[in-house]
Amino acid sequence: LLVRNPLDCITSLFNMVCTGSHNRSIHDDDFQDYPEHWSEFIHQEIGVWKDFHEFWLSSTKLPIHIIRYEDIVSFPKMALSSLMKFILNVESISGTKMEHYIDLAVKEASPQIYKPREGKVNGNLDKFTDEDIRFMLQSSGDFINKFDYKSIFTRTIEE
């Protein structure tokens with residue numbers, strides 16, 4: 001199960017909805033210029049974000065391995081190695097062809113056939129009001145905590 005910080009996930013989706021594109025973004029000022037639309041979107045999508053993860057985590061028929069988007073970006077070898085150990089059901093892939101292929105994969109950038117908008121990692125907190133942050137934590141705080149994102153919600157607010 002690939003998870004992503006809801007602050008970045010919701011912002012990315014808003015950009016896609018507003019531009020009709022995966023590779024363009026609205027101007028940062030638009031978040032402040034149209035606060036009612038942005039806030040309504042946040043309130044709707046945090047519920048979708050929570051429901052999606054709740055569905056997959058409550059599935060008892062499938063083994064689930066959680067990978068955070070941020071870890072793939074920041075620590076690709078660790079994230080891919082962990083995934084391969086899960087898929088292969090082994091304790092270690094040290095010295096295997098799989099480890100070699102992961103090393104090759106993370107060594108250099110892959111060729112770009114499709115170039116989506118540059119994904120930010122933990123770079124969208126400034127687009128959210130204290131009220132939005134409070135609402136997200138109240139409605140989905142269990143999952144925000146479970147996936148270790150609470151520290152990113154750095155504003156000092158009353159919970």
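## Serine 21

A residue counts as buried when its relative accessible area is under 20%. In this predicted model, serine 21 has a relative accessibility of 11% and therefore counts as buried. Serine 21 belongs to the loop that joins H1 to helix H2 (29–33). A polar atom of the serine 21 side chain lies 3.3 Å from the backbone nitrogen of arginine 24.

## Packing of H1 against H7

Helix H1 (residues 6–19) packs with helix H7 (residues 130–146) at an angle of about 115 degrees, and the two axes are 12 Å apart. H1 contributes Pro6, Leu7 and Ile10 to this contact, while H7 contributes Ile133, Met136 and Ile144. By class, the H1–H7 contact comprises 6 nonpolar residues, with no polar and no charged ones.

## The largest nonpolar core

The largest nonpolar core holds 22 residues, of which Leu7, Trp38, Met136 and Phe153 touch the most other members. H1, helix H3 (35–58) and H7 are the elements that give two or more residues to this core.

Beyond its neighbours within four places in sequence, methionine 136 is in contact with Pro6, Leu7, Ile10, Ile42, Ile46, Phe128, Gly141, Ile144 and Phe153.

## Aromatic residues

The whole structure contains 9 aromatic pairs. One of them joins phenylalanine 143 and phenylalanine 147 in a tilted arrangement, with 6.2 Å between centres and 35 degrees between the planes. Phenylalanine 143 is buried at a relative accessible area of 11%, and phenylalanine 147 is likewise buried, at 3%.

A single aromatic cluster is formed by Phe14, Phe31, Trp38, Phe41 and Phe128.

Methods
Residues numbered from 1 in each chain as written. Predicted model: local features only at pLDDT ≥ 70, side-chain atom pairs only at ≥ 80, totals over all residues. Heavy atoms only, no water. Axes fitted to C-alpha atoms, helices over the stretch in contact; angles between N-to-C directions. Helix = DSSP H or I, 4+ residues; strand = E, 2+ residues; numbered from the N terminus. Contact = heavy atoms within 4.5 Å. Nonpolar A, V, L, I, M, F, W, Y, C, P; charged D, E, K, R; others polar. Core = buried A, V, L, I, M, F, W, Y, C linked by side-chain atoms within 4.5 Å. Buried < 20%, exposed > 50% of the residue type's maximum accessible area, 1.4 Å probe, protein only. Polar contact = N/O pair within 3.5 Å; in protein donor to acceptor, adjacent residues only side chain to side chain. Phe/Tyr/Trp six-rings, centres within 6.5 Å; stacked < 30°, edge-to-face > 60°.
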